[in-house]
Amino acid sequence: MDILKGSPLPAQIQECIRSVDLSRDVDLLRLVSTLLKYTVPQTYLSLPGPCQDAVSRVFRTVVGLGNLTARIGMFSRQKTDLPRDVCKALDAHMQLLHKALAPGLVGELVFSASLAARREIEKLLFKGKTYAIVREAALNYSDMHVPPMLQNMDAYTGFLATELLLLEDAASFSVALLSFGNSAAFFDVLFSRAHADFLRQTVGTMKRFERKQVLVKFLDFAFSRYLGSGASSEAVVAVSVLSREIIDNSVWDELLLEKVVSRYSYPLNSMVALLVDSAPSLVPKFLATWGAAAGLVNEPIVKQGYRTHLLLCLCAQLPPGELQDLLKLPAFVSAITNRLSSLSSQVKFLGVLFADKLSSMAQAQPIFDMNNMRDMQQPDFPADFLKSADFSLSVTGSWEVLESPYIVETGDLNSEAGIDLKPLTLQETPKKSFAADLNMSDEEDDPTLASREKVPVPIYVRDLLSYLSVDSKDQSAYEKQKIALEITPTLLRQKLAFGSEVSFYANDLLAQLVGLSNQYDDNNFETSRLNAMIAVVVSYPDVSLHLCKLLLTGDYSLQQRLSLLSAMSFGARALRGYKDEIVDNSFKPTPFPSKTLPKKLHDQYTAMDYGYSRIENSIQNALMRESSEEARDELSGGRVLRVSAKLRKEPKTLEVSKDQLPNFRDIVGRLFFFPLVAVWYESGGINIGHYTPVLIAHYVRTLSLILHCAYPTAIDLKDMAGEYLTLVTPVLQKVGTDQLQVIESIVTGVTLICEILDPTFLITSFDGNLHIIESVLLQWWESLIDDRVKSLCAGLLLRLNRLRENMERTLLDQMNGALFA
């Protein structure tokens with residue numbers, strides 16, 4: 001050790017390491033301490049390769065790895081005036097750690113390790129101590145070397161999962177890694193044709209509660225990898241077949257089924273139903289939960305839809321005889337009765353739908369007449385339910401299905417025309433064309449544009465797609481994109497009442513529009529693109545379902561997601577008949593659209609408003625007017641001093657056109673509100689990092705504007721209000737007082753609900769949500785620094801207080817009336 005404290009040569013270092021018995025912990029600890037104190041920070045980076053390998057072998061031990069990790073943590077937290085020296089020492093330790101983490105490390109550590117040593121290995125590697133220390137150091141000092149397997153959680157989990165393949169008993173390490181690491185990266189390695197036997201043996205040696213943990217993690221992996229919204233029936237069956245071979249299916253219970261419902265996935269529901277062997281015993285218990293009165297009030301309707309689908313999938317696995325017995329159970333009668341007694345029409349409809357489907361599966365007479373339910377919101381889950389008896393897929397065939405490349409099926413855009421997507425235009429005439437009008441500007445003085453060929457105006461929707469998807473290398477790419485964006489609002493409205501051209505291309509057109517980028521730095525690009533997207537929604541309202549799918553699954557930027565939400569809300573307002581400047585200025589009811597565009601919208605993340613502020617402010621002013629007058633009366637000494645309301649000029653309200661969609665009351669919830677709510681639950685909320693509050697605020701405002709459009713005619717207005725309160729209540733509890741955009745959006749929406757719903761129904765149905773919202777606002781009151789937001793909160797608190805007072809007086813009047821009756 002004295003030699004290592006000096007300035008030894010590489011050969012001397014190697015000789016000192018060879019002379020130490022690494023199996024003796026005392027001698028090993030002395031060697032490790034000496035190397036970390038002298039050799040590693042001073043000379044390790046300059047040592048030749050064989051000498052570095054010799055040093056790294058010392059740290060491929062439990063004692064060496066633990067001390068090396070602790071030294072890195074000590075350096076990363078050290079306060080020093082010489083950061084350059086600290087960075088150099090840290091870099092040397094990181095280089096050494098990289099060599100120590102070479103393949104085969106876990107096998108060497110576990111070999112002949114004691115129980116205490118195995119626990120230390122589990123803590124260092126599989127519970128993330130090493131990873132946490134290295135990531136902290138990487139954040140504090142950005143210029144040092146970081147081992148590739150420690151650069152992110154996916155790489156680290158994949159590295160350890162590969163190391164597990166060398167062990168005979170990997171059960172405890174697997175459970176620890178799944179609890180800490182990324183389950184998708186874990187199963188990416190082990191859930192494969194080559195390693196399926198190892199995974200099955202490992203799971204088989206686990207305890208029951210550990211097998212349940214593995215099953216839950218596997219469900220998340222299967223959902224993210226194979227069972228997305230567009231998963232085929234073959235993929236569903238393949239995953240279920242392989243799961244039976246690898247994962248223990250005897251641990252299913254009601255709690256696991258609840259976790260499945262929380263994933264909000266129809267393909268996952270179908271796969272689980274094929275997987276569960278104990279369906280006969282689970283269905284009655286799950287049916288009781290489905291029909292419990294408390295759950296019907298507190299659970300979101302979107303989640304109730306997925307719960308209903310899972311219950312039907314489980315029932316589909318039972319023979320008709322058992323289903324007929326299920327129809328006779330008191331639990332079935334009680335569940336249907338509770339749902340029919342609900343105040344929510346959607347809750348009632350799910351009960352009727354389940355009874356009808358169950359009667360059909362049991363080959364019994366239908367209980368209800370579904371023809372009387374046509375005006376209710378039809379659930380979007382698949383009409384057919386998979387049965388295990390209908391498929392005979394082998395294990396080999398299942399692997400082939402999952403390993404085959406995923407092909408996205410799209411409609412054949414040319415199936416009707418039979419020719420390529422080439423622009424079809426009007427014949428040239430001596431008259432000045434619309435294309436010439438569009439191109440008339442100051443740019444005509446530019447000699448470089450004088451000889452450019454005029455771009456014809458598209459007259460078919462497929463021409464719009466051709467223009468929007470034009471190659472950027474095309475000489476007329478900019479003109480084609482600009483003309484397409486400007487003509488889309490008018491062209492789609494012109495074709496709305498003629499044929500099915502708009503509906504046929506709507507999904508593709510919307511996807512193309514949202515994916516456009518401002519590669520030509522056009523100042524009006526964001527405005528034009530939004531106008532075009534609004535026109536697609538207005539021309540074909542059913543496209544809103546595809547819009548929600550894009551919002552949920554598309555790889556889009558914050559700006560693109562905000563435009564999707566804005567298109568949905570402005571489209572709903574246009575269908576309702578509201579006259580918004582941003583929409584009206586984008587088209588003219590003439591053969592040729594106007595060249596005038598609305599004022600330029602902000603195209604930065606936090607400034608992208610799309611006219612929301614004007615609309616939201618008008619709604620806020622209308623909602624706050626009565627509360628403001630009451631507060632002013634109190635300050636002025638009472639209502640005696642109040643000016644007559646008849647002498648006061650009412651502010652101008654938003655103009656409503658008579659050209660509204662006749663069946664808007666039927667579709668606003670089914671096509672706009674509920675699909676957008678489902679996006680929140682299916683995605684597990686919104687989390688995009690630093691700009692999360694911006695997107696959450698825009699999302700909540702979109703729901704509020706759709707709710708405002710739905711009043712007062714929507715057939716499911718009460719259900720929409722209940723879903724809104726159920727969604728925003730936990731959001732309000734989690735946000736901070738600095739997230740003023742989110743607070744303002746939620747408070748505006750809740751105030752709107754207090755205005756449009758019957759006070760008695762509101763208090764009796766949603767008193768718990770309102771109480772939580774009131775408590776949060778009172779708790780924040782002193783912390784709110786924005787006067788405008790504070791004023792909105794004050795108006796909501798005043799309105800809630802008045803609602804409770806009116807409810808109390810009503811109850812007292814009823815009690816007094818009963819006493820003197």
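# Questions on a predicted all-chain model

Of the 821 residues of the protein chain, 50% count as buried, where buried means under 20% relative accessible area, exposed over 50%, and partly exposed in between (1.4 Å probe, protein chains only). This is a predicted model in which local features need pLDDT of at least 70 and side-chain atom pairs count only at pLDDT 80 or more, while totals for chains, interfaces and linings use all residues. Residues are numbered from 1 along each chain as its sequence is written, and side-chain values use heavy atoms, with hydrogens and water left out.

Student: How many helices and how many strands does the protein chain have?

Tutor: Helices (H or I, at least four residues) and strands (E, at least two) are DSSP runs, numbered from the N terminus. By that count the protein chain has 39 helices and 0 strands.

Student: Leaving aside neighbours within four places in sequence, which residues is W252 in contact with?

Tutor: Contact means heavy atoms within 4.5 Å. W252 is one of the residues with the most contacts inside the largest core. Beyond four places in sequence, its partners are L215, L219, L257, V260, V272, L275, V276, S278 and L282.

Student: Which residues of helix 11 are buried?

Tutor: Helix 11 (residues 171-180) is mostly covered, with 7 of its 10 residues buried. What covers them includes helix 7 (105-110), helix 8 (115-126) and helix 10 (153-164). The buried residues are A171, F173, S174, V175, A176, L177 and L178.

Student: How many residues apart in sequence are the parts that E403 and R193 tie together?

Tutor: The side chains of E403 and R193 meet in a salt bridge (2.8 Å, N to O), that is, a side-chain nitrogen of Lys or Arg within 4 Å of a carboxyl oxygen of Asp or Glu. E403 lies in helix 24 (residues 395-403) and R193 in the loop between helix 12 (183-190) and helix 13 (196-204), so the parts tied together are apart in sequence by 210 residues.

Student: Is K495 buried or exposed?

Tutor: K495 forms a salt bridge with E501, the closest N and O atoms being 3.2 Å apart. The relative accessibility of K495 is 16%. K495 therefore counts as buried.

Student: Which residues are linked with E258 in a network of salt bridges?

Tutor: A search of the whole structure finds 23 salt bridges. In one network of them, E258 is linked with E299 and R307.

Student: How many contacts beyond four places in sequence does the model have for residues 634-653?

Tutor: The protein chain averages a pLDDT of 82, pLDDT being the predictor's confidence in each residue, from 0 to 100. Over residues 634-653 pLDDT stays under 50. Where pLDDT is low, the predicted coordinates should not be read in detail. With that caution, the number of contacts for residues 634-653 beyond four places in sequence is 12.

Definitions and conventions. A nonpolar core is a set of buried Ala, Val, Leu, Ile, Met, Phe, Trp, Tyr and Cys residues joined through side-chain atoms within 4.5 Å.
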